Structure formats: structure tokens, C-alpha cells
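Hi there,

Here is the structure I promised to pass along.

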Amino acid sequence: MNYKSSQIDVLIVGGGLAGLSSAIHLSKQNLSVLVIEKNSYPKHKVCGEYISNEVLPYLDFLEVDVFKLGAKKIDKFQLSTPKGQLISADLPLGGFGISRFCLDEALANKALESGVEILQDVVEDIQFSNDEFSVETKNNAAFKAKIVIGAYGKRANLDVKLDRKFIKTKSPYLAVKTHVKGDFPENLVALHNFEGGYCGVSKVEDDSINLCYITNYESFKKHKDIQEFQEQVVFNNKHLKTIFKETVPVFDQPLTISQISFEDKKPVENHILMCGDTASLIHPLSGNGMSMAIRSAQIASLLIIKFFNSELSNREALEKQYLRDWNTAFKFRLKTGHIVADLFNQPRISELLMQGLKWFPDILPHIIKRTHGKLMTIK
Ligand SMILES: Cc1cc2nc3c(=O)[nH]c(=O)nc-3n(C[C@H](O)[C@H](O)[C@H](O)COP(=O)(O)OP(=O)(O)OC[C@H]3O[C@@H](n4cnc5c(N)ncnc54)[C@H](O)[C@@H]3O)c2cc1C
């Protein structure tokens, strides 16, 4: 292999929210940054596309204005059980709706504008020796870099190569997403449960309604196809039936992904700093993976800058501090998220919970607060 080492300080594997946010941040400090992303922009992704407002100060720092891109401001929340019991609440911090098609492309453009190099290729191998990384791609490109950020999302072949524990367990979850046109309040995000899953509903920048649901494979495989599954399972929730039946699809076919894992992962593996879903994925029912991805990018970037400024004495100090800061930011949030998702996964308990929440409606904003972060600060 002929390794190119032309002054790459930070090589970022994956140009999604975490990878691109980090790339922009680091390039602001004149570090040389290469992002390797397997897809071109723009591209639709399976995601609920509702982002917590906690990221707004940081997006402002990165100079990405989501409202100029048409993002919808969202401050109301609805939750329903499989039997259709419905409760509503104000969102304590609120959020916005924007498609990944639009947001990822805007971040990629900003990264290019800031001097980041983006290469379209697939990273196939990352080795660490003599205090530097050697990275190889599918198209036989090879690079040396001082720091590597792993921001390649939920799962990739790289996880097998890195022998990560979570990849050895089969994950039972799959997800389906589509965009539709029709009536739905612009300022609302709804989470409607059905037996074996839940579906998020909210509007994005072009007035499309995002419908994105997660279910388990056990429940899905009893049905011939997506259409039959929706008719026989999803539509048992009357709110979902109305939304699906009274709107018009924008996509020819829904997008699907499988093998979604909520297992614990390690935020540092083989000296690679993992960001976003590569470090951990929270249940979308009870947390905001997108804002966690963006926040983890900030945590990693701040420490990497300290590492290059010699404020952190060596790589070990960098890795230890990243682990500490990551755990402080996310550990509690992930735990609460998992507990809430597990409870709603049990039909009888979720109906009882909803009764309780109806009697004591003030509790819901507290639960939301515990699984959502505080407004990010710029350091
Ligand atoms: C069904 C579902 C609904 C969700 N809804 C919401 C929601 O409404 N709100 C919310 O906040 N969060 C939601 N999430 C979570 C959110 O989608 C993720 O947390 C977020 O996308 C994480 O961003 P990321 O940058 O870590 O990863 P990604 O956005 O997945 O980016 C990873 C990038 O890496 C690239 N890549 C992968 N492998 C390689 C490789 N080997 N070489 C080069 N490039 C590679 C991919 O092409 C991709 O662009 C949802 C998740 C699911 C599954």
C-alpha cells in the first residue's frame, strides 16, 4: 500500500451528523481534516428527523442555520399507546424538523467551505501502530493520520474488523421510513406506539411529513410485506391508521434498515474516538440520537484541539478524558432512555403508564427532560 500522509491531522470515518460537525469544528482551528464518506450528498436516511433544540447554539457556532433551510419549529408532543390512548404535553426545550437529505448536505457544504476534504469511498481497515493510524479504503486509497474519529453510524463491517462486542449479538430491530404529504400540525412531534413498535410523526422543511417506525423482526416476519404489516399491526393504533390513510406518499418505496442495535458500545476502541451512533445508540422513543451525535462531535473536537495544542499531555490523556466527558454527557441519559423504552415495549405496562400520566400530566415533561439534554454551550 502506498500511504498518503500529506498532513492529515484528523481522519474522520463517516460523514453523517457526528463526522461532519466534528470536521467543521476542527477545521476552524486550522487542523487538516479528511472525511471519508461512502455515499454522496444529498441522500435520504432512515431517521425520525426531529432534533432537540439543545444543538442550536452549536449549529450556530458551526455556522449552519437550520431555519434558513426551512426547518419547522416544534414545541408540542403527543404520545399514544397501541390502543390509542393519547396524551399531549409541551416540550420543555422543544426542537425542530428537518430532513437528513437537507441537513447532512448543508453540513457537508459547510465542511467543504471550511477547508475539509471529503472523499467518497468506504473505509475497510484501520490499524494503529507507532502512535499513528493507517487507514485503507475499498478503492485502494491509503492514508496515515494522527487521530481517527469513528463516526460511521450504527454498524459497519469495520465493527467486525475491530472485533466489537455488540456486533456479535443479533439485533432484533428494523425500521421503516417514508415521507408523505397531507395535514399535520407543523409544531408537533407525535410518537404513536403499536404492538411491537412505535412510529414517529413530524414535519420537515419541505412540508413533507416524516413517518418513521421501529419494530422487532419477530413481529414483522409474520407478515408478507410492509403493506400487510402496516394494515394488520401498525393500523391497530387508530392515530397511525388515520395518518397513513389520509396522506399521499412522496417516496416510491419506503426506506428500510435492519439490525438496529441498542447494545452498549465502547466510545474508544483501538485508540479510535467513536462519535454518534458508533459510540452508542439511544432508543428514538425516549431520546435524541441526532443531538447526541452532534454533542459527541463537540466533546471529541474540543479534546482533540487540546491534544494538538499540547494541553493534553499525550494520547492516553486524550482517550481517558474523552471517555470521562462522554460518560458524563450520556451515561445517565442512555440508561433512562433504555428503561422508558423497555416499559413501553410491554403492552399492559404501557397502558397502565399512560393512565398514570393522564392522572398526573406534569410527570411527562420531567421524563422528557431526563432523556433529553440541556442547551449546548460553546467552549
Ligand atoms: C428508526 C430511527 C429513527 C430515529 N429518529 C430519530 C429522531 O427523530 N431524532 C433523533 O434525534 N434521532 C433519531 N434517530 C437516531 C439518529 O438517526 C442517529 O442517532 C443519528 O443519525 C446518528 O448520526 P451519526 O452521525 O452518528 O451517524 P449517521 O448519520 O448514520 O452517519 C454515519 C455515516 O457513515 C457512513 N459510513 C458508514 N460506514 C462507512 C465506512 N466504512 N466508510 C465510510 N463511510 C461510512 C454512512 O454512509 C453515514 O453517512 C433515529 C434512529 C432510528 C434508527
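Contact here means heavy atoms within 4.5 Å. By that rule, and leaving aside neighbours within four places in sequence, I126 is in contact with V13, F133, S134, V135, V148, L158, N270 and I272.

A word on the source: this is a predicted model, where local features need pLDDT of at least 70 and side-chain atom pairs count only at pLDDT 80 or more, while totals for chains, interfaces and linings use all residues. Residues are numbered from 1 along each chain as its sequence is written, and side-chain values use heavy atoms, with hydrogens and water left out.

I126 also belongs to the largest nonpolar core, which has 71 residues; L11, I304 and Y322 join I126 among those with the most contacts inside that core. (A nonpolar core is a set of buried Ala, Val, Leu, Ile, Met, Phe, Trp, Tyr and Cys residues joined through side-chain atoms within 4.5 Å; buried means under 20% relative accessible area, with a 1.4 Å probe and protein chains only.) Another core, of 26 residues, lies apart from it and includes I87, L91, Y173 and A341.

Now the ligand. A ligand nitrogen is 2.7 Å from a polar backbone atom of G48, and a ligand nitrogen is 3.0 Å from a polar backbone atom of V123.

Happy browsing!

Note on methods:
Buried means under 20% relative accessible area, exposed over 50%, partly exposed in between (1.4 Å probe, protein chains only). A polar contact is a pair of N or O atoms within 3.5 Å; within protein, one must be able to donate a hydrogen and the other to accept it, and residues adjacent in sequence count only if both atoms are side-chain atoms.
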